[in-house]
Amino acid sequence: MGRIVLEKVTKNFGDTQVIPPLDLTIEDGEFAVFVGPSGCGKSTLLRLIAGLEETTSGKVLIDDQDVTEISPSKRGLSMVFQTYALYPHMTVRKNIAFPMRMAGMSEEEQNKRINAAAESLNLTDYLDRKPGQLSGGQRQRVAIGRAIVRDPSAFLFDEPLSNLDAALRVGMRLEITEMHERMQTTMIYVTHDQVEAMTMANKIVVLQAGVIEQVGSPLELYHKPRNKFVAGFIGSPKMNLIESDEAKKHGATTIGIRPEHIAVSDSDGIWKGTVGVAEHLGSDTFIHIHGIDGCDPLTVRAAGDVSFKHGDTVYLTPDETQIHKFDDMGLRID
Amino acid sequence: MAIVAQTSKYGKTGRTILAWAVGLLFFFPIFWLVLTSFKTDADAVKPEFLFFFTPTLDNYLNMTENYDYWRFAKNSVITSVFATVFGLAIGIPCAYSMAFNPSRSTKDVLMWMLSTKMLPAAAVLYPMTFLTKSLGLFDTHFMVILVLCLINLPIVIWMLFTYFKEIPKEIIEAGQMDGVNTWGEIKEILIPLAWGGIASTALLCFIFCWNEAYWTVRLTTIDASTLSKLIEGNRAPEGLFFGRLSAVSAAAVGPIIVLGWFCQKQLVQGLTFGAVK
């Protein structure tokens, strides 16, 4: 079990309030991702759940038990850190065994779990090495192994893939997602990378300045962003936000249209612009277009084989059914 | 064209010569001291016998037979070892707390600790003497250990604090998540990781304790006197017996020089605050 509830939780650092009163429920077995720009309070929130930071007020409940005043070691959670935080003086085996040794588990049981974790994480050949002799990806696997063997009620991940290179990051992302599918244990994952959030989560919590902007499934956030911030943050490339007469025509202060919902042509369309940069990714082409009133540049996602280049005049047609409207407060108008 | 820094061959040789010259300059007093300890008191003051003289062991024999060298040496070992152990026992938790759970006043506390080293010892000589006498602790091992421990504590805490700050906080937090209590963090994670720094600190603290003379001379008479007191005691009112005094001094600094020689790598690392990565 691993149902985590935050009730009116706040956190102050000195006189600065970094988390205003916040309520959040993460159901048992969910994969929740906290996402937001740097300094939005997502790591602080995770650390409040872990117990590594004290809450200024409010309650943290794990499986209906109030753990606000309980030390991190007694909350039954495991955490994987961005910097791996392995014990450099211990071998991989001892690193993984450490939490079990602290819990007073029998050596036989420890070895059983170490071997099972090492096998599932491809670490069997490295058990007698020290962390300094491992690559970044292997170190992160050891950190995950150390988290798994405790059999925690929930896993906490604090930007675990940020220190890995791009290719390894994609691989580890899949491994963690698969691990969740297999174990069905609650996982809370902090990242600033919205692609990680979209691909891994059942539930995304978008944060800005310590405030939850929206909670929902990845597709809910993609299709129905509650405000301009979420609209701009979720989706890659970013949603185009247009503030001009075009928005007024739709009865809004701002309209948003995703790059994939705009058709581009060299002959006819509603908006006319000039190609600034065309990024050819093979499968897609991201075209950055200048000259659109209220949104410069505007990004369009076109097919991989289009051949627009810098300076070409293009005509754009947005899919009217996919236009998001926002009022002067930045909130969604339905 | 790329600019590449050139190291001149002459520059390197010059630096080596300079390093040797400075080294010999520092070593010379010790060399002279040891040399003089093998001279008679009469030869010791004659310039013509500076390097060429008839060596004698009389000063050393005299020191061990008549001045009870081994008792003073034993006291030096006891007080230095215990003062170092107690210093670490207090310093490690203090430095741990300030390094990993700093508060707003941590920096002020550290500065305050250091500021106590700026207090002239003579300023508290009378209060200390009266206090130790009225508590019945004058000339006891306990008092010497306590004083040595306290006067070195600021340095011990500062050094340990600097080492502990090098350890990533996440490692300690990982320990907390893995179920260790505070003592476990110190024993299982902190001490093994900062072992080099702790050893350097201990070594330096031991050397400071061994060499301390102001308090060990003034707060002891016989029972708890250390080698500093023995040296001081060989200062004769009618003049200095250089041969005898040199032998006593050489025997007092000898153990610490040998210890320093064997641990020089550790000491250099300690003084340059080698990082744990």
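Helices here are DSSP runs of H or I with at least four residues, strands are runs of E with at least two, and both are numbered from the N terminus. The model shown in these views is predicted.

**View 1. B:Asp139 sits in the loop between α6 (125–134) and α7 of chain B.** Phi of B:Asp139 is positive, about 60°, although this residue is not a glycine. For background, most residues other than glycine have a negative phi. Is B:Asp139 buried, exposed or partly exposed? B:Asp139 counts as partly exposed because it has 16 C-beta neighbours inside 10 Å, while the buried class needs 20 or more and the exposed class 12 or fewer.

**View 2. A:Ala85 is placed in the loop between β6 and α2 of chain A.** Here is another residue other than glycine with a positive phi, near 50°. A:Ala85 has 25 C-beta neighbours inside 10 Å and therefore counts as buried.

**View 3. Chain A meets chain B through 17 residues of chain A and 15 residues of chain B.** On the chain A side, the elements that give two or more residues are β6 (77–80) and α2 (92–102). What is the make-up of that side by class? The side of chain A that touches chain B has 13 nonpolar and 4 polar residues, with no charged ones.

**View 4. The largest nonpolar core holds 127 residues.** The members that touch the most others are A:Val33, A:Leu156, A:Ile188, B:Leu160 and B:Phe164. Helix α7 (residues 141–165) of chain B gives the largest share, 15 residues. Why does this core lie between domain 1 and domain 2 of chain A? Both domain 1 (4–226) and domain 2 (237–333) contribute residues to the core, so it lies between them. The centres of these two domains, taken over C-alpha atoms, are 37 Å apart. As general background, nonpolar side chains tend to be buried together in soluble globular proteins.

**View 5. A:Ile188 is shown with its contacts beyond four places in sequence.** These partners are A:Ile26, A:Ala32, A:Phe34, A:Leu46, A:Ile49, A:Ala154 and A:Leu156. A second, separate core has 13 residues, among them B:Leu227, B:Phe241, B:Leu245 and B:Ala247.

**View 6. Five strands of chain A form an open sheet in the order β13-β17-β14-β15-β16.** Pairing in this sheet is antiparallel. Which strands are at the edges? They are β13 (262–265) and β16 of chain A, each pairing on one side only. On average, neighbouring strands are turned by 45° against each other, direction ignored.

View 7. Strand β14 (residues 271–280) and strand β15 (residues 284–290) of chain A pair antiparallel over 6 bridges. Strand β15(A) is also joined to strand β16 (residues 298–303) of chain A by 6 bridges, again in the antiparallel sense. The hairpin of β14(A) and β15(A) has 3 residues between the strands, and A:Gly282 in this hairpin takes a positive phi near 95°.

**View 8. A:Pro297 is found in the loop between β15 and β16 of chain A.** The peptide bond from A:Asp296 to A:Pro297 is cis, and its omega is near -5°. As a reminder, most peptide bonds are trans.

**View 9. A:Pro237 lies in the loop between α8 (228–233) and β11 of chain A.** How is the peptide bond from A:Ser236 to A:Pro237 arranged, cis or trans? This bond is cis, with omega near -5°. In the domain division of chain A, domain 1 covers 4–226 and domain 2 covers 237–333.

**View 10. An open sheet of 4 strands in chain A has the order β11-β12-β18-β19.** The pairing is antiparallel, and the edge strands are β11 (240–242) and β19 (332–333), each pairing on one side only. Strand β12 (residues 254–257) and strand β18 (residues 324–326) of chain A run antiparallel and are joined by 3 bridges. A:Gly256 has A:His324 in β18(A) as its bridge partner.

**View 11. Chain B has 14 helices and 2 strands.** Its C-alpha atoms fill a box of roughly 75 × 70 × 30 Å along the principal axes. Among the 277 residues of chain B, 33% count as buried. Of the contacts in chain B with a separation of 6 or more, 79% are between residues 24 or more positions apart.

How values were computed. Residues numbered from 1 in each chain as written. Chains lettered and ligands numbered in written order. Predicted model: local features only at pLDDT ≥ 70, side-chain atom pairs only at ≥ 80, totals over all residues. Contact = placed C-beta atoms within 7 Å. Nonpolar A, V, L, I, M, F, W, Y, C, P; charged D, E, K, R; others polar. Domains from an automatic or database assignment. Pairing = 2+ DSSP bridges. Core = buried A, V, L, I, M, F, W, Y, C linked by C-beta atoms within 7 Å. Axes fitted to C-alpha atoms, helices over the stretch in contact; angles between N-to-C directions.
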